[in-house]
Amino acid sequence: MEHQQIEYKRDWSDEYIKWIAGFANSQGGKIYIGINDNGEVSGLKNAQKLLEEIPNKVKDILGILVDVNLKTKSKLHYLEIKIEAYPYPINYKGQYFFRSGSTKQEFKGASLDKFILKKQGVKWDGVPLPNLAIKDLSKSAFKYFKEKAIAANRITTDDAKLKPIALIEKLLLHTDTNYYKRATALLFHPNPEKYVTGAFIKIGFFRTDADLIYQDEVHGTLFEQVEQTMQLLLTKYLKAFISYKGLHRIEKYQIPEPALREAVLNAVVHKDYSGGAPIQISVYEDKLMIWNDGQLPDDWTVARLKSKHPSKPYNPAIANCFFRAGLIESWGRGTIRMMDECRSENIPTPSFSIDATEFFVTFKFNNLIQTTSTSYTKLTGTTADKILQLIEINNTITMTELATAIKVSISTIERTIRRLQELNKIKRMGSDKIGNWLIQK
């Protein structure tokens, strides 16, 4: 039966040299000539002639060597062509093919770029980037990096004193050809989208998959994108549940903050930036989903992400800088940490899903977390003070619920809310039905 490394052909055609190129560009394999699709030997009349012709044609067209063997079964001759996996790209008259399952596919566009880089042992974020100069980079991004790296004890105080050009060389973001790497633009340029399409983050709140209520875009260096995304998610998109232990105020979100930060960091660091699409974070009433162009290392499964695994960053240059800044670890523990943080808060662990080019992380909210009526018995102060206290407890509370809890009329609530908005004490995010309140700090 045909599969990833086996192909059957009843007769020979020079067109099958494309299949040989596909095997050479993948994991290698075997092509049998003179066997039908069911794996039954049908025989080959010109087997002896092809035994000599095929290796020469493959060598002339592809520039590689294949092993062709004459086989016999029930007095019927057939050929076995053995193809090794090659460490460099093999092209058929300028085209690049690969084996996918039991089919032959052609590399084109971004997938061709990734394939050639992989065969050359180069990662996308390590490719030289013309027209990027040191004067184009953000001083504040370097300051942020140094402060974080010093605090994490991952660079020396001497390194922290280096000028940007020397620090970039220290971080291996400079190539031997006197260019800066693509990672440099993403990490330290104030507008990386000038060089990399889709290098930003989109966040949206959805009632349903087709009903977008409100949205934001986050731009800037990758460091800035992480910080601004976390701030938006925690202040605008997620509910905060407030409780008190003595005089100490305890604030809990629908997702533990460390788990959410780890998920955002993973999306930013491991994204395939050649895809041209931004990272997309979709928030619903019952879940949060993070999508990005990305893929696991070869032969990895989702199950492996849930157990101890080595660190194999998709963008090693970017990952190294985030590690030096103390934002990530280098042991491949990110996904495990997400799950551990959720378990510690009795919240469902995130799910991971992936296909050839997309990666999803989904957090389901624990709907058992509710505001209790006992919280309302501690309300003090004026009507405005009580409204602010209730919003801290539940930032999606309605006008009717406020009136019931405070024991005043809805018109009083409406009048007080308008006054609080005029004083810039609170802000309404989204629609009246689906939105939430934001207390201005």
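Which elements of the chain have the lowest and the highest confidence? Strand β11 (residues 240-245) is lowest, at a mean pLDDT of 62, and helix α7 (residues 182-188) is highest, at 97; pLDDT is the predictor's confidence in each residue, from 0 to 100. Helices (H or I, at least four residues) and strands (E, at least two) are DSSP runs, numbered from the N terminus. This is a predicted model, in which local features need pLDDT of at least 70 and side-chain atom pairs count only at 80 or more, while totals for chains, interfaces and linings use all residues. Residues are numbered from 1 along each chain as its sequence is written, and side-chain values use heavy atoms, without hydrogens and water.

Over the chain, pLDDT averages 88, and 93% of the residues score at least 70. Residues 368-377 stay under 50, and the model gives them 8 contacts beyond four places in sequence (contact means heavy atoms within 4.5 Å). Where pLDDT is low, the predicted coordinates should not be read in detail.

Helix α8 (residues 222-237) packs with helix α9 (residues 257-270) at an angle of about 145°, the axes being 10 Å apart. Axes are lines fitted to C-alpha atoms over the stretch in contact, and angles run from 0 to 180 degrees between N-to-C directions. On the α8 side, the meeting residues include M230, L233 and L234; on the α9 side, they include L260, V264 and L265. The contact divides into 9 nonpolar, 1 polar and 3 charged residues, with Ala, Val, Leu, Ile, Met, Phe, Trp, Tyr, Cys and Pro counted as nonpolar, Asp, Glu, Lys and Arg as charged, and the others, Gly among them, as polar.
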